[in-house]
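Open the model in your viewer and keep the sequence panel beside it. This tour tells you what to select at each stop.

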Amino acid sequence: MDFGMPYLLEMHSIEECCALAKELGLRFVELNANFPICQPSILDTAELQQLGRKYELYFTLHIEEECNPFTFNEMVRNAWLKSCRHALHLAVALHMPIVNMHFPHGVYITLPDRKTFLYDLYGDKFHAQLAEFRAMCEDVLSGTSTRITIENTDGWHPHEQRAIEFLLESPVFGLTLDIGHSHGIGDADEPFFRTHEERLIHMHGHDGLGKRNHLALGDGEINLAARFAWAERCHARVVLETKTIETLRASVARLPKYLPDICKKMC
């Protein structure tokens, strides 16, 4: 079970991030396309390969949180599909095991008694765009070791669970469990992850307290030992997804306390 770190706001370069990961004994860095410096369109494959060799680590990629390749606006959807395709090609070139994405809720209409999600109401059109996205991912990733994973955020609605199950019918897709996001909504998505446990290949690991998350390990109330044991059983890699250098250092120092015995030997 490999542990890594996210690109942090305090960092001024990807190499600075790699140096910290090496210092802390972490195996990979999750680049985050929300940051200008991590945009796939400007990342230099040769430079990242050199950094990987120099610091003895590898990279994963988190694409933009606002990415929505299912939007009904055809021009915008095509732009997102193009952006995703570029990110996937970069990941393949760098032998990244994971490209992570959030599943977009899309627009909803608030009625007096309920919220109506347009992706649910216009299900046929939504499914067609979902199929287009799946086909694009298969076109780039089939025959490679790179997988695109869907991360939980604030709870998946039934139509979204059905959509994710459709994506998981393809072997190029997997799941990312963000344990803090999950904790903040009472682990409402956990039954879905249990049902599809064989597709859980990535985890965002941090502590949480109520609806607060991204805390250093040990600063919250999550049963971290149980979560990391789950990751180990599924052979999932884990990003220690705190937001500052200080909390990352604290998390690494406390990590052995929460690891299964088989993993403690690696720390």
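In which sense do β9 and strand β12 (residues 237–240) pair, and over how many bridges? They pair in the parallel sense, over four bridges. Two strands count as paired if DSSP finds at least two bridges between them. Helices (H or I, at least four residues) and strands (E, at least two) are DSSP runs, numbered from the N terminus.

Before moving on, note that this is a predicted model: local features need pLDDT of at least 70, side-chain atom pairs count only at pLDDT 80 or more, and totals for chains, interfaces and linings use all residues. Residues are numbered from 1 along each chain as its sequence is written, and side-chain values use heavy atoms, with hydrogens and water left out.

**Stop 1: the barrel**

Select β1, β2, β3, β4, β7, β8, β9 and β12. These eight strands close into a barrel in that order, and the pairing is parallel. From one strand to the next, the twist averages 30 degrees. Such angles run from 0 to 180 degrees between N-to-C directions, with axes as lines fitted to C-alpha atoms, for helices over the stretch in contact.

Now select β9 (residues 200–205). Five of its six residues are buried. Buried means under 20% relative accessible area, exposed over 50%, and partly exposed in between (1.4 Å probe, protein chains only). On one side, β9 pairs with strand β8 (residues 173–178), again in the parallel sense and over four bridges. Find L177 there: it stands opposite M203 in β9. M203 also has a bridge partner in β12, namely V238. Further on, G205 stands opposite L240 in β12.

**Stop 2: where β1 meets β12**

Select β12. R237 and V239 point one way, V238 and L240 the other, and all are buried. β12 also pairs with β1 in the parallel sense, over two bridges. The β12 partner of G4 is V239.

Next, select β1 (residues 3–6) with β2. These strands run parallel and are joined by three bridges. M5 has V29 as its bridge partner in β2.

**Stop 3: the core**

Stay on L240. What does L240 touch, not counting residues up to four places away in sequence? Its contacts include F3, G4, M5, P6, G205 and F228. Contact means heavy atoms within 4.5 Å.

Now widen the view to the largest nonpolar core, which has 78 residues. A nonpolar core is a set of buried Ala, Val, Leu, Ile, Met, Phe, Trp, Tyr and Cys residues joined through side-chain atoms within 4.5 Å. Those with the most contacts inside it are M5, L31, F59, F103, F133, F228 and L240.

**Stop 4**

Select α1 (14–24). Its buried residues are I14, C17, C18, L20, A21 and L24. Seen down the axis of α1, they fall within an arc of 160 degrees, so they line one face of the helix. The arc is that of the directions from the helix axis to the C-beta atoms. Covering these residues are elements including β1, β2, α2, β3 and α10 (245–254). Just after α1, G25 takes a positive phi of about 75 degrees.

Move to α2 (residues 45–55). Here L48, L51, G52 and Y55 are buried. They fall within an arc of 100 degrees down the axis of α2, so they too line one face of the helix. They pack against α1, β2 (28–32) and β3 (58–62).

Check both ends of α2. D44 caps the N-terminal end, with a side-chain oxygen 3.0 Å from the backbone nitrogen of A46. After the helix comes E56, whose phi is positive, near 55 degrees.

**Stop 5: Y119**

Select Y119, in helix α4 (residues 118–121). Is Y119 buried or exposed? Y119 is buried, with a relative accessible area of 5%. Its side chain reaches the backbone oxygen of F70 at 3.5 Å and the backbone nitrogen of T71 at 3.3 Å. A polar contact is a pair of N or O atoms within 3.5 Å; within protein, one must be able to donate a hydrogen and the other to accept it, and residues adjacent in sequence count only if both atoms are side-chain atoms.
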